[in-house]
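Dear colleague,

I am handing over the structure we spoke about, which you will find just below.

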Amino acid sequence: MQRIPGFGEFPAEYASDLIDLSVGGDGLFRVGVDGVRRIVTPLDRKEEFVCYDDKTLCYIKSAMGYPAMYPLEEARFEGPAEAVLMDLDGTSVHSEHFWMWIIERTTAKLLGNPKFELEGVDEPHVSGHSVSEHLQYCIDKYCPDKKVEDARRIYFEVTHHEMAEITAGRGRPNAFTPSPGLKEFLLELKGRGIKIGLVTSGLFEKAWPEILSAFRTLEMGDPLEFYDAIISAGHAIRKGQAGTLGELTPKPHPWLYAETARVGLGLGKDRRARVIGMEDSSAGVVSIRLAGFAAIGVAGGNIVKGGVRPLLNYDVTDLAEALPVITGEAFT
């Protein structure tokens, strides 16, 4: 096992997920200066962790020009859980490939090339973060002469068209598929009196159809009645419509998970050890941990490619495998 302040202990084989840097935070920090012992970044290089003898700070870079810094506290979990905070895309509903396809179609329209396809190495950069972050990445790599504002306009045009097609029974098949065992998992938590918060970096207009689609498929009724809290990144900012800070403070920032627990579920800092988050994306894992909660990594997303396994408290292959951890039975 290896140990880094803030990270806690993690398996030695996960150490290769972290890349050592000599300078971090856009030049604000240097190893060996002012108590900085080490600076590491995960494989996707979305964050930089500035490590001291007794603490670690997380510097979140921003393609939109607004970086931020947060303390990374070691997270502990004491089962059984009072609340489970669940990601939407990938963890609850399989839809990441659909939304990456939307990003791909948007970039194709920007380039005027209908045959354009994203590369495999693009995946960690076009999933798990905000729409604007995804689009800015594609602009920087494929069409640097374009503006993110133009990309956003095209993105929402494509999205509205595809969502209307899906609602009408046409469109891309299997765009939104409930994760295997989702119904049984949710009902088991509900039956045990465990609160459930749904958390997504997606804007409401794209997230809500996913939730509705999954609940209709599973015949589970109204998701607003089922979940104890649902927090999204809010609404897109367009003429005549109010927006939120969601486009600049999504995952990996801590606020969506922090708001779900503190405001949505009424659980204060003193209850953090009884709350656990579930994610399949690298950005989501960082978000959970920065919000102060233990993280369960669910296989199938970009956690491994993103290089954030050292931040996981638990690693599972599916929802069913997470149940003994959540209920505390894994520790008895």
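Helix 4 and helix 10 are roughly parallel to each other, because their axes cross at an angle that falls under 35 degrees. Please keep in mind throughout that this is a predicted model. For this pair, helix 4 covers residues 182-191 and helix 10 covers residues 319-327, and their axes come within 9 Å while crossing at roughly 15°. The handedness of the crossing between helix 4 and helix 10 is right-handed. On the side of helix 4 the residues that take part are L182, F185, E188 and L189, and they meet L319, L323 and I326 of helix 10. Sorted by class, this contact between helix 4 and helix 10 holds 6 nonpolar residues and 1 charged residue, with no polar ones.

The parallel sheet is open and consists of 6 strands, which follow one another in the order 14-13-10-15-16-17. Its edges are formed by strand 14 (229-231) and strand 17 (314-316), each of which pairs on one side only. From one strand to the next, the twist of this sheet averages 20°. At the end of the order, strand 16 (residues 294-298) runs parallel to strand 17 and is joined to it by 3 bridges, and within this pair G297 stands opposite D315 of strand 17. Helix 8 packs on this sheet, where it touches strand 15 (275-279) and strand 16, and the direction of helix 8 makes about 170° with that of strand 15.

The antiparallel sheet is likewise open, and its 5 strands are arranged in the order 3-6-7-8-9. Here the edge strands are strand 3 (18-21) and strand 9 (68-71), each pairing on one side only. Neighbouring strands of this sheet are turned against each other by 30° on average, if direction is ignored. Strand 6 (residues 38-42) and strand 7 (residues 47-51) run antiparallel and are joined by 3 bridges, with V40 standing opposite F49 in strand 7. Helix 8, which comprises residues 282-290, packs on this sheet as well, touching strand 7, strand 8 (56-60) and strand 9, and its direction makes about 135° with that of strand 8.

Technical notes
Residues numbered from 1 in each chain as written. Predicted model: local features only at pLDDT ≥ 70, side-chain atom pairs only at ≥ 80, totals over all residues. Heavy atoms only, no water. Pairing = 2+ DSSP bridges. Helix = DSSP H or I, 4+ residues; strand = E, 2+ residues; numbered from the N terminus. Axes fitted to C-alpha atoms, helices over the stretch in contact; angles between N-to-C directions. Contact = heavy atoms within 4.5 Å. Parallel < 35°, antiparallel > 145°, perpendicular 65-115°, else oblique. Left-handed = near helix turned anticlockwise from the far one by under 90°. Nonpolar A, V, L, I, M, F, W, Y, C, P; charged D, E, K, R; others polar.
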